[in-house]
Amino acid sequence: MNRIDSEFITHIYKIAASLQINRKCFYMISSAGGLFEGQQSIDHTSSPNPKRPYGNLKLHQEKRAIEIFKSFNSVLIYRPSSVFSFNSEFGRRGLINTLIKNIKAKQTYLNDV
């Protein structure tokens, strides 16, 4: 762990200690990108299975956050999907563009996301 990471963690713990509440939670926004690459029908019960270094590093980061803040009442990790993107025939579409495309085509799957 480098100096900046250590200072950040120390700062989070100082803030938590100064709060006049007993329940302390750490919320992390990670994103689903890279963690579930190649998997289909992802939901809250799906386990990440990274295929590339980027996804492996993200998973490691999430596990470290859980470990570092284990003294908190809970550590919650949010993994939003690719929600927005350009509406292009080529390349990957975001969730909203894919939903609109599928509604127009009367399809019910998200293969493009």
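Student: Why is Glu67 called partly exposed?
Tutor: This is a predicted model. Glu67 comes out at 43% relative accessibility; buried needs under 20% and exposed over 50%, so Glu67 lands in between and counts as partly exposed.

Student: And what makes Arg64 and Glu67 a salt bridge?
Tutor: Their closest N and O atoms are 2.9 Å apart, and the cut-off is within 4 Å, so the pair qualifies. Arg64 and Glu67 sit three residues apart in helix α2, so about one helical turn separates them. Arg64, at 25% relative accessibility, is partly exposed too.

Student: What does the side chain of Glu62 meet in a salt bridge?
Tutor: The side chain of Arg79, at 2.4 Å from N to O. The pair links distant parts of the chain, 17 residues apart: Glu62 is in helix α2, and Arg79 is in the loop between β2 and α3. Arg79 is partly exposed, at 31%.

Student: How do you know that Arg52 and Glu37 form a salt bridge?
Tutor: Their side chains come to 2.7 Å, N to O; the limit is 4 Å, so they pass. Both residues lie in the loop between β1 and α2, 15 residues apart. Glu37 is partly exposed, with a relative accessible area of 28%.

Student: How many salt bridges does a search of the whole structure find?
Tutor: Three.

Terms used:
Residues numbered from 1 in each chain as written. Predicted model: local features only at pLDDT ≥ 70, side-chain atom pairs only at ≥ 80, totals over all residues. Heavy atoms only, no water. Helix = DSSP H or I, 4+ residues; strand = E, 2+ residues; numbered from the N terminus. Buried < 20%, exposed > 50% of the residue type's maximum accessible area, 1.4 Å probe, protein only.
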